[in-house]
Amino acid sequence: MPDRVLDVRGLKVSFATHEGVVRAVDGVDFALGRREVLAIVGESGSGKSATALSLLGLTRARNATLEGAVEFEGADLLRMSEAQLRAVRGHRIAMIFQDPMTSLNPVQPVGDQIVEAIRAHERMARSAARSRAAELLAQVGIAHAHERLDDYPHRFSGGMRQRVMIAMAIACNPDVLIADEPTTALDVTIQAQIFELLARVREQTGSAMILITHDLGLATAVADSALVMYGGRIVERGAVGEVFRDPQHPYTWGLLGAIPRLDRPRPRRLYAIGGAPPRLGDAPTGCRFRSRCPHAFEACVNEPPLVARGAAPGHEDRCWISGPERAELRPKAVVGGRAGW
Amino acid sequence: MSEILLEARDLVKHFPVRKGVRRRQVGAVRAVDGVSLQVRAGETLGLVGESGSGKSTLARCLVRMLMPTAGEIEFGGRRIEGLGDAALRPLRRELQMVFQDPYASLNPRKRVGAIVGAPLRMHQIGDRAARRKRVLELLEAVGLTPDHYERFPHEFSGGQRQRVSIARALALAPRLIVADEPVSALDVSVQAQILNLLADLRDELGLTYVFVSHDLAVVRQVSDRVAVMYLGRLVEVSPAEELYQRPIMPYTAALLAAVPEAAPPAGRERIVLRGEVASALAPPPGCRLHPRCPFATDVCREVEPPLRDFGGGHVAACHHPLNVNQEVSRNAAEGSASSQP
């Protein structure tokens, strides 16, 4: 990819805790192209959020160790000082969090909060910033934007608050938007509206996006490419349609088989993987998924490399099971289909 | 057709809104605003809607955790809407509930054995040894093991906790279980396990479920019939598969279209709702959906459409029904104003 905005290499994030070192992210590589939408898909404890938060230094803490490199415009975000990072965060790379109920200051009018976000990065008079804030609110579909500047967050519904968060995130026309489960707390009809809005603002600003989600169907509807994470590692990646139609890794089969699908006949039972996702950093060595994998065998004590096995270029996965065997083991319920709005 | 186990007639639940020092009532949240439905023995009735639709309030009225403001509830041939606590106690043996959040619905200070055995103790069933034996059977039935008996809830994952909740609900061998978003708080791989478990238990024990969820795909997986709620009213009730193939109310169609895995069949237009659910303090006049509905006309703004029978147990409340040919629609209009779902 010649035109990449973000290049993540060998990213490791670990935390020293009372119960030992937790390896939240254990060696992750990916690149984000200009205007690309990349989905990082996984369950709780997969390391998907820790990966995204680390890009912006939001996992920096006394007990945290970060390794690897995150290259953005020729500089390494992991090695930047807090002051340097502040110039990037919210300006060139902005974040939209999951819970719009807790990410706004409840005792400050939303207009002031947007003005603050603008003036943190751009020299602009208060009055000008205020007009810009009203423009932004209008841009994200809030009616009577000017009057609503002085409203407090509790006057907005969940979907509206998420719109305010998006207005704040795009205030400085960022190159990269990171959206961490932006619609998990919202109803499906509102989810569809929010992603329509995100598509529109990306069209206007030309920004790339990293979408963190547990929902492979949503990822397929929204993203260009996907990383599937498990236990702090990437287990499968590729163009999102390929991963969805032709999943290669047994964990991806499990993720797809576990969701009841509206696009096919209803099975009597869902294809479910046993056990629960490992707690953060608690995955076994070797293949992280082997303790839950119904097809694990001796080789799985060693971790397989990411290798292209799917038909399409760039579709890679991390599994020792050979191609022909896979074709036999893979449940039919998880192959094919399409997603999208 | 099997017997009717539970029936609600014109059920209403309003929550008063009080203001000022004298706490005068200034309005009411009309959470459930005239709902009639029947649950037949052995079936699973799915109840879907967005947040604010009143689905949880309706569920809680049906199990009499809440006392309805008006209307009738008949369970097993007996009127239960007005029963007091003492009169309700024997009913609790037959009517149980499973909640959404397995972290909040188990007492953290009690061992799992005591939690699951509590209903038996309260109803003075068997001696200690017999109760212990029954609890061990229940744990096994939900996929837990005897050594879980002495453990505390915090030692369990979300999925295991939900299994404990289900075991507790089963302890008194109820006839009806009302499950309110029982898998919404779980990771997708675990969600599939719990859905399979609920299906197995239903087949083994001949249970009847009312399954409340915002997730249409999940509801389709478990339900025989589905009831769709909007702003305190039922807007469509139908055999499950029929509802997904041929939604009549635009609201249902829009909900389906908002699910990313449900790329609409080629040629069918995608229906998008504007805005958000109106306030249940002052529902819109006429059809409650009209401010959001792309098909709304004058009649929708003035006249609330009654539930009309479109044949095959499919009823819907809409002036502009979808997927229905003219003749059926006319017959429904002539035959129905009073039809009951």
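Which residue is the bridge partner of B:Val237 in strand 12 of chain B? In this predicted model, the partner of B:Val237 is B:Val315. The pair belongs to a set of 2 bridges that join strand 10 of chain B to strand 12 (residues 315–316) of chain B, and these two strands run antiparallel.

Strand 10 of chain B also has a partner in strand 9 (residues 225–230) of chain B, with antiparallel pairing over 6 bridges. Within this pairing, B:Val228 stands opposite B:Glu236. The two strands form a hairpin with 2 residues between them, in which B:Leu231 takes a positive phi near 45°. Strand 10 (residues 233–239) of chain B is largely enclosed by the rest of the structure, because 6 of its 7 residues are buried. As a general point on strands, the side chains of a regular strand alternate between the two faces of the sheet.

A further sheet of chain B is open and consists of 4 strands in the order 2-1-4-5, with antiparallel pairing. Its edges are formed by strand 2 (24–40) and strand 5 (78–79) of chain B, each of which pairs on one side only. Inside this order, strand 1 (residues 4–19) of chain B pairs with strand 4 (residues 70–75) of chain B in the antiparallel sense, over 5 bridges. B:Glu7 stands opposite B:Glu74, a residue of strand 4 of chain B.

The helices of chain B were examined next. Helix 4 (residues 128–141) of chain B has 14 residues, which at 1.5 Å a residue should span 20 Å; its end C-alpha atoms are 20 Å apart, in agreement with that expectation. B:Arg131, B:Val135, B:Leu138 and B:Leu139 are buried in helix 4 of chain B. Seen down the axis of helix 4 of chain B, the buried residues fall within an arc of 100°, and they therefore line one face of the helix. Just after helix 4 of chain B, B:Gly143 takes a positive phi of about 85°.

Helix 5 of chain B has 13 residues, and at 1.5 Å a residue these should span 18 Å; the end C-alpha atoms are 18 Å apart, which agrees. Burial in helix 5 of chain B extends to 13 of the 13 residues, so this helix is largely enclosed by the rest of the structure.

Taken as a whole, chain B has 11 helices and 12 strands. Its C-alpha trace spans about 65 × 55 × 40 Å along the principal axes. A compact globule of 341 residues would have a radius of gyration near 20 Å, and the 21 Å of chain B agrees with this. Of the 341 residues of chain B, 48% count as buried. Among the contacts in chain B with a separation of 6 or more, 64% are between residues 24 or more positions apart.

Chain A likewise was described at the level of the chain. Chain A has 11 helices and 12 strands, and its C-alpha atoms fill a box of roughly 65 × 45 × 40 Å along the principal axes. In chain A, 50% of the 341 residues count as buried. Of the contacts in chain A between residues at least 6 apart in sequence, 67% join residues at least 24 apart.

An open sheet of chain A contains 8 strands in the order 6-7-8-3-9-10-12-11, with mixed pairing. Strand 6 (93–96) and strand 11 (307–308) of chain A are its edge strands, each pairing on one side only. Strand 10 (residues 233–239) of chain A is joined by 2 bridges to strand 12 (residues 316–317) of chain A, and the two run antiparallel. A:Asp317 in strand 12 of chain A is the bridge partner of A:Glu236.

The contact between the chains takes 34 residues from chain B and 34 residues from chain A. On the side of chain B that touches chain A, helix 6 (188–205), helix 7 (216–222) and helix 9 (250–257) of chain B each supply at least two residues. Helix 6 of chain B provides the largest share of that side, 9 residues. By residue type, the side of chain B that touches chain A divides into 19 nonpolar, 9 polar and 6 charged residues.

Methods: Residues are numbered from 1 along each chain as its sequence is written. Chains are lettered from A and ligands numbered from 1 in the order in which they are written. This is a predicted model: local features need pLDDT of at least 70, side-chain atom pairs count only at pLDDT 80 or more; totals for chains, interfaces and linings use all residues. Two residues are in contact if their C-beta atoms, placed from the backbone, lie within 7 Å. Ala, Val, Leu, Ile, Met, Phe, Trp, Tyr, Cys and Pro count as nonpolar, Asp, Glu, Lys and Arg as charged, and the others, Gly among them, as polar. Two strands pair if DSSP finds at least two bridges between them. A residue is buried if 20 or more other C-beta atoms lie within 10 Å of its own, exposed if 12 or fewer, and partly exposed in between; C-beta atoms are placed from the backbone. The expected span of a helix is 1.5 Å times one less than its number of residues. The arc is that of the directions from the helix axis to the C-beta atoms. The radius of gyration is taken over C-alpha atoms; the globule rule is 2.2 Å times the number of residues to the power 0.38.
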